[in-house]
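Visitor: I would like to learn how to read a protein model. Please take me through it one feature at a time.

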Amino acid sequence: ANTCTWDMGRLSVCRALLWLWCGFSAAFTPVRRGPGGRLRAACGASSQKDAESYRVLWNRLEYARHRDTQSRKRYQIISAEIWEDMALNLEATYPERFHFHKTSWGKFPDGTDNIEVGGFTPHNVIAGERVLFLASFHNNDVTLSQFQVMVMLLQSFIDELVVVLPYYPVGTMERTVKEGQVATANTYAQMFSNLPSCGRPTRLIIYDLHTLQNRFYMHGSVIASLKTTVPRLLPLLDGYGIDCIAFPDDGAAKRFAHMFAHLDLEIVTCGKVRDGEKRIVTIQDGNPEGRTIVIVDDLVQTGGTLYECGVALRDQGAKEVFAFVAHGVFPQAAWTRFAADGDRCVFKKFFLTNSIPTTTNSLPEETFEVLDLTPQVVHDLDNY
């Protein structure tokens, strides 16, 4: 509280100084006689420059005020069972901002949901509050259960609902190639779009959505807020001596390359070309020779393309090769092939976030380094 008071006090002092500076600047602006004997204030280049400088400073103050307001928002946390550790971590790290209410995700004997959401008894501390819901759609059963909880929350007189769904599992199924197929990305979008309204749209935070156009499938009472996990990787680059960023295809390069533009790093882009009946990965742009490289992509399934890209980089003289993906899907324990004794053990280290805890909780530390999303979630809550 003292810190907040001090910050707001500084903002007020700075505003006062700016007004004084603006007044003195106007008061002491020299007056000169112009052509034709007309008097004119020196409000040409000098005055315009002062006005622009004032506007820049004022905008900075306004941004500081906005950040201060955002960073003091308080949330009641309701969490999917798999995200309870993150919820507790948020509460422990930022006790003035987050309070976690444990939910009982039970079942009746017939298999239907018997859910009791925390925070309603013995006293209702949810009504009128901002609610942060940590969601995980790692299978159809838990997905339906969590939709039921979202509906219930939005009908409980809350002020605002923010849903953090780190991995959007149907992001790759946004279109069909033949009649009869179900575009599940459209189905999920319809379900989100038809959630009840609490008076303002539900904010849906998703990280590194595979097909960005999915955001436009949603309408009505939900707005997708797309974020990236790349900031979790950036602090590791110097520590591992990484001086080159590689992308497995042109699509990944277009999506992620600008996020590394401020760094003095070599950029390498790979791609698949047809060789007879086969499609092989080759280096299409950049020089990996002698470089310590990290391959960046949004997700990994079986990892075939990622592996081939790593092999191609090493064949072209790369010193060491790392990999980073936002989402480690790894169906049917495909990660074992990248482990120390696997047939695809080509990476010095495999970085990924904990966006899919059902997978990352069982990864061996020898090969994989799991980056916690908790700090990124806090940052992105405050930054639209």
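This is a predicted model: local features need pLDDT of at least 70, side-chain atom pairs count only at pLDDT 80 or more; totals for chains, interfaces and linings use all residues.

Visitor: What is the mean pLDDT of the chain?

Guide: pLDDT is the predictor's confidence in each residue, from 0 to 100. Here the chain has a mean of 86, and 87% of its residues reach 70 or more.

Visitor: Where is confidence lowest, and where is it highest?

Guide: Strands are DSSP runs of E with at least two residues, helices are runs of H or I with at least four, and both are numbered from the N terminus. Confidence is lowest in strand S2 (residues 39-41), with a mean of 44, and highest in strand S7 (residues 130-134), at 98. For residues 24-43 the pLDDT stays under 50. Contact means heavy atoms within 4.5 Å, and the model gives residues 24-43 15 contacts beyond four places in sequence.

Visitor: How many helices and strands does the chain have?

Guide: The chain has eleven helices and 17 strands. Of its 384 residues, 44% count as buried, where buried means under 20% relative accessible area, exposed over 50% and partly exposed in between (1.4 Å probe, protein chains only).

Visitor: How are two packed helices described?

Guide: The description uses the angle between their axes and the distance between the axes. Axes are lines fitted to C-alpha atoms, for helices over the stretch in contact, and angles run from 0 to 180 degrees between N-to-C directions. Take helix H4 (residues 140-154) and helix H5 (residues 184-193): their axes come within 11 Å and cross at roughly 20 degrees. H4 is therefore roughly parallel to H5; angles under 35 degrees count as roughly parallel, over 145 as roughly antiparallel, 65 to 115 as roughly perpendicular and the rest as oblique.

Visitor: Which residues make the contact between H4 and H5?

Guide: H4 supplies Asn140, Thr143, Phe147 and Met150, while H5 supplies Tyr188, Met191 and Phe192. These residues of the H4 and H5 contact divide into five nonpolar, two polar and no charged. Ala, Val, Leu, Ile, Met, Phe, Trp, Tyr, Cys and Pro count as nonpolar, Asp, Glu, Lys and Arg as charged, and the others, Gly among them, as polar.

Visitor: At what angle do H3 and H11 pack?

Guide: Helix H3 (residues 84-93) and helix H11 (residues 374-381) pack at about 65 degrees, with their axes 10 Å apart. That makes H3 roughly perpendicular to H11. Met86, Asn89 and Leu90 of H3 make the contact with Thr374, Val377 and Val378 of H11.

Visitor: What should I look for in the backbone?

Guide: Most residues other than glycine have a negative phi, and most peptide bonds are trans. In this model the peptide bond from Thr121 to Pro122 is cis, with omega near 0 degrees. Phe330, although not a glycine, has a positive phi of about 45 degrees, and Gln332, also not a glycine, has one of about 55 degrees.

Visitor: Is Phe330 buried or exposed?

Guide: Phe330 has a relative accessible area of 4%, so it is buried. Gln332 counts as exposed, at 81% relative accessibility. Phe330 lies in the loop between strand S15 (320-328) and strand S16 (350-353), and Gln332 is placed in the loop between S15 and S16.

Terms used
Residues are numbered from 1 along each chain as its sequence is written. Side-chain values use heavy atoms; hydrogens and water are left out.
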